[in-house]
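Subject: Structure for your files

Hello,

Here is the structure I said I would pass on. My notes on it follow below.

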Amino acid sequence: MIEIENVRKSFGPLEVLKGINLTVAKGEVLTVIGGSGSGKSTLLTCINGLEPIDSGRILVDGVEVHAKSTDLNKLRQKIGIVFQQWNAFPHLTVLENVMLAQVKVLKRSKQQAEAEAAKQLNHVGLGDKLSVYPSRLSGGQQQRMAIARALAMSPDYMLFDEVTSALDPQLVGEVLDTLRMLASEGMTMICVTHEMKFAREVSDRVAFFHKGVMAEIAPPEELFGAPKDPELQKFLSATH
Amino acid sequence: MFDTSLTANDLIFLAQGAGMTLVVTAISVFFGTILGIVFGVFRYQVGPWWAAPLTFVLDIFRSIPLLIQLVLANAFVTTVLGIRISGFAVACGVLSLYTAAYCAEIVRGGIEAVPQTLRRAARSLGMTWGQDMTSIVMPLATRVALPSWIGLALGVMKDSALVYIVQVVELLKSTQILITRLQEPLFLLMICGLFYFLISFPIARFGGYLEKRWSND
Amino acid sequence: MRGRVPRIGHSCILPGAAMFNYNFRWNQALNSLPQMLEGALVTMEIAILSMAIGIAVAILLTLFRLSGNRLLGAISATWVEIARNTPALFQIYMVHFGLGGFGVHLSPYLSLLIGIAFNNAGYLAENFRGALKAIPETQTRAARSLGMSPLQAFKNVVMPQMLRISFLPMTNQMVWAILMTSLGAVVAMNTDLYGVTSELNARTFRTFELFALAAVIFYVITKVITLSAGLLAARLFRY
């Protein structure tokens, strides 16, 4: 379970998170929508401790992320994150990309790591690209590789930060399909996204962020069907 | 450390050495740059095939130690040709060619960095080769080349420490002479190192600043 | 090799004798070739060792700079600026005679090796700094988000890319290291190629022939390095 309690965060004078409260249960798929600068991406990087927070606290399975005593490297093994920019390691093959952290962080043997990497890459449909360098892959393929790389760490939670925003339109579908598959398999996921159709389909709940505040959170039928918050109404009519 | 037997005369001696370093550097960089520009433009203009002999010769200067170049040039001029010539002249001659060899590369790189489309545009406006070279290529190529050229000039100053081998008493050699006499190596070497550093460091910084400023636009 | 030696000698004596009032004695120089080649091996040994040390120290200096620790950052910056802003000859001299002032007396071989390694480390650290600018911050972020420690992220993700980007400058530095071995002259180094050549010169006074031969050997070594670096790069960097 991920518990976010009254989290505040500023970049200089700009407060990007103004007291967020949110709980994500095991097995839940939560999507977060909102305009740019609404703080939704920052929240994700706070959850796995890449960004410090100013006040409040975030608990992952009862462990406080930003406590001094927390071993972040250990915690991050539980929480996979995939970014808008896919960040393939260019000097490693696709297979090696997915193996690296397994060997170095989880201390798996080469054989174990390789088997797991091949399994995850097959899963995301890259089974035929194992020995290729990332520069030979399309953006969509690289993004799926990044997903496999995170999944290979056997995380309990997956965070997706606008994973289709940097892709060419024709490549968005394949990545969303991968996310749909994960959702149907019961992975606990938080997806920050601009893809409304996707959010409507896969989510258990959808949260709308506006200027650092979580303005509304509801199951998709409710949130898209009968939005209460006026900003959300504006946002939805603009994106349709 | 400051309890030294260094006298005012010794300091003047060191200053003369420093002066010699600067004079040799200035002369070599001056002639080396002129030659380097000529070689660089020639190499670019005639293409890699016809410039191959020149490229080969210039590459030699970058592939054998400067110390050996100096010894060889000195031996060649004085014993093989039998010409009486000062070590200073040999030093300046060799260092000029040495500078030219590196400078030609920098110049060629600078010219190549000027987009072809820009030059075609200039020529299509009716500019001659010379006009294109002076008013389009030169200003743009200079931006690319100047930071490297500053690095080269400083490199030549540091490498000029080697001309002691042809009996030119520059800064490091004069330091060495004093060390032998005064037996205070650390103190004297610090003075010598500081001199090089105080000239090189600010100029290198300035070059870095130019590079950063000019690469932004 | 042996069979070819006299032929080179002959073909050079004739035009030489015709042109100048100087009798070229190439045979004498060529007889010293085995000794000079032994010197060349020492030269290469010093260059390779100084590069290995230089790369290791440069990586360490880079880590110092990235550590955010003021003192370590200052050490790194000072090292780089001294290495880049004073003559290599001065640096070698300093190791040999300057350390002597502290009562540390090193052999010519060690002085030369340490001096060149010092120089290499400074220049390479600066190259690494430039290379790091070309690697997006997000690479480290991605590695960290997979649970790697800062050091693991540097070692496994950033450093390999940094070394790749710096490969050409590293090759150039290797050539420089070869050329710098000649500076051993100031610390009375006499087993490297330059040292052997000047000792032979002191005995025979065939300055031009001996140093011309040394120049050819230096030239061949630097070309071999440049070429093999190119081949190595093609093998190492397939991405």
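How many residues does the contact take from chain C and from chain A? The contact takes 18 residues from chain C and 20 from chain A, where two residues are in contact if their C-beta atoms, placed from the backbone, lie within 7 Å.

This is a predicted model, in which local features need pLDDT of at least 70, side-chain atom pairs count only at pLDDT 80 or more, and totals for chains, interfaces and linings use all residues. Residues are numbered from 1 along each chain as its sequence is written, while chains are lettered from A and ligands numbered from 1 in the order in which they are written.

On the side of chain C that touches chain A, helix 7 (137-145) and helix 8 (150-165) of chain C each supply at least two residues. Helices here are DSSP runs of H or I, at least four residues, numbered from the N terminus. That side has 6 nonpolar, 8 polar and 4 charged residues. Ala, Val, Leu, Ile, Met, Phe, Trp, Tyr, Cys and Pro count as nonpolar, Asp, Glu, Lys and Arg as charged, and the others, Gly among them, as polar.

Between chains B and C, 30 residues of chain B are in contact with 32 residues of chain C. Helix 8 of chain B gives the largest share of the chain B side, 10 residues. By class, this side has 23 nonpolar, 5 polar and 2 charged residues.

On confidence: the mean pLDDT (the predictor's confidence in each residue, from 0 to 100) of chain C is 88. Over residues 1-18 of chain C, pLDDT stays under 50. The complex has an ipTM of 0.89 and a pTM of 0.87 from the predictor.

Regards
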